[in-house]
Amino acid sequence: MERLSLKKAILVEGKYDKIRLEAVVDAPIFTADGFRIFSDSTKLSMLRKIAEETGLIILTDSDRAGFIIRQHVYGAIDKRYVENVYIPDVFGKEKRKKKAGKEGKIGVEGFDAQRLKDILVRAGVCDGERKPPHTTRMDFYDDGLLGAENSVQRRKKLLEMMELPTHLSVSALLDMVNVLLSRQEYEEKVRQLCEIFDTDVETDGNKR
């Protein structure tokens, strides 16, 4: 199945929802991490930045918990930049679970990929193609953010410099770099990291 290419980022509840959605869309996908979003002010701040830069689609489960998370995020971000997309009530359980949830409804992760694609198309959020990423995982390797002795410390410092939650995964950080920074701004951050950590890693044609 051909994936949808979206300009907007998407917020889902958890990692299994993200895994399912990655088969459906080519777009930055972020997780609320369930109710953790209520105490994570830095992640909310990050989501505001994402929404203002690309727009944000909220796609949470159809149960009560999903709506509470949706309302919390929606209430914290300027409405001009947010779109709500809803999945229908479908009763059953996800394959990985031994029993159904409290309300007996399947979440985003339980939906067939084609059906999720149809839901997004009908919601009218497919308004353009995602810009090709200017920074890749290979750049992270070349710039010491992956595979180096102090990569973890360097990524944490980059997250601090970008005023982002320091527990973000590598994939989430890469998405944030491509959403919030230009290539030139990213290279400047790498130069600053080199000064802080006194490494020989430089960017582009200046790599040593």
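Is Arg 80 counted as buried or exposed? In this predicted model, Arg 80 has a relative accessibility of 65% and is therefore counted as exposed, the cut-off for that class being over 50%. Its salt-bridge partner is Asp 78, and the closest N and O atoms of the two side chains are 2.8 Å apart. Asp 78 has a relative accessible area of 33%, so this residue is classed as partly exposed. The pair is one of 10 salt bridges in the structure.

Strand 6 spans residues 82–84 and helix 4 spans residues 113–122. Lys 105 and Asp 89 form a salt bridge with an N to O distance of 3.3 Å. Both residues lie in the loop between strand 6 and helix 4, and because they are 16 residues apart in sequence, the pair ties together separate parts of the chain. Lys 105 is counted as buried, at 19% relative accessibility, whereas Asp 89 is partly exposed, at 45%. These two residues also belong to a network of salt bridges that links Asp 89, Glu 103 and Lys 105.

A salt bridge also joins Glu 109 to Arg 96, with the closest N and O atoms 2.8 Å apart. Glu 109 and Arg 96 are both placed in the loop between strand 6 and helix 4, and their pairing links distant parts of the chain, 13 residues apart. The relative accessible area of Glu 109 is 15%, which means that this residue is buried. Arg 96, with 46% relative accessibility, is counted as partly exposed.

Arg 155 is buried but has no salt bridge, and Asp 143, the nearest side chain of opposite charge, is 12 Å away. Leaving aside residues up to four places away in sequence, Arg 155 touches Leu 145, Leu 146, Val 170 and Leu 173.

In general, two packed helices are described by the angle between their axes and the distance between the axes. For helix 6 and helix 7 (residues 170–180), the axes come within 12 Å and cross at roughly 40°. The two helices are therefore oblique to each other, and helix 6 passes helix 7 in a left-handed crossing. On the side of helix 6, Arg 155, Leu 158 and Leu 159 meet Val 170, Leu 173 and Val 177 of helix 7.

Helix 7 also packs against helix 2, which consists of residues 41–54. The axes of helix 2 and helix 7 come within 10 Å and cross at roughly 45°, so this pair is likewise oblique. The crossing of helix 2 and helix 7 is left-handed. In this contact, helix 2 contributes Met 46, Lys 49, Ile 50, Glu 53 and Thr 54, while helix 7 contributes Met 176, Val 179 and Leu 180.

Nine of its 11 residues are buried, so helix 7 is largely enclosed by the rest of the structure. The buried residues of helix 7 are Val 170, Ala 172, Leu 173, Leu 174, Asp 175, Met 176, Val 177, Asn 178 and Val 179. The elements covering them include strand 4, helix 2, helix 5, helix 6 and helix 8 (183–197).

Two loop residues complete the description. Val 125 is found in the loop between helix 4 and helix 5, the latter spanning residues 137–142. With a relative accessible area of 1%, Val 125 is buried. Its C-alpha atom is separated by 7.9 Å from that of Glu 83, a residue 42 positions away along the chain. Apart from residues up to four places away in sequence, Val 125 touches Leu 6, Lys 8, Ile 57, Glu 83, Val 85 and Leu 120.

Asp 33 lies in the loop between strand 4 (29–31) and helix 2. Most residues other than glycine have a negative phi. The phi of Asp 33 is near 60°, a positive value in a residue other than glycine. Asp 33 is counted as partly exposed, at 31% relative accessibility.

Key
Residues are numbered from 1 along each chain as its sequence is written. This is a predicted model: local features need pLDDT of at least 70, side-chain atom pairs count only at pLDDT 80 or more; totals for chains, interfaces and linings use all residues. Side-chain values use heavy atoms; hydrogens and water are left out. A salt bridge is a side-chain nitrogen of Lys or Arg within 4 Å of a carboxyl oxygen of Asp or Glu. Buried means under 20% relative accessible area, exposed over 50%, partly exposed in between (1.4 Å probe, protein chains only). Helices (H or I, at least four residues) and strands (E, at least two) are DSSP runs, numbered from the N terminus. Lys and Arg count as positive and Asp and Glu as negative; His and the chain ends are not counted. Contact means heavy atoms within 4.5 Å. Axes are lines fitted to C-alpha atoms, for helices over the stretch in contact, and angles run from 0 to 180 degrees between N-to-C directions. Angles under 35 degrees count as roughly parallel, over 145 as roughly antiparallel, 65 to 115 as roughly perpendicular and the rest as oblique. A crossing is left-handed if the near helix is turned anticlockwise from the far one by less than a right angle, and right-handed if clockwise.
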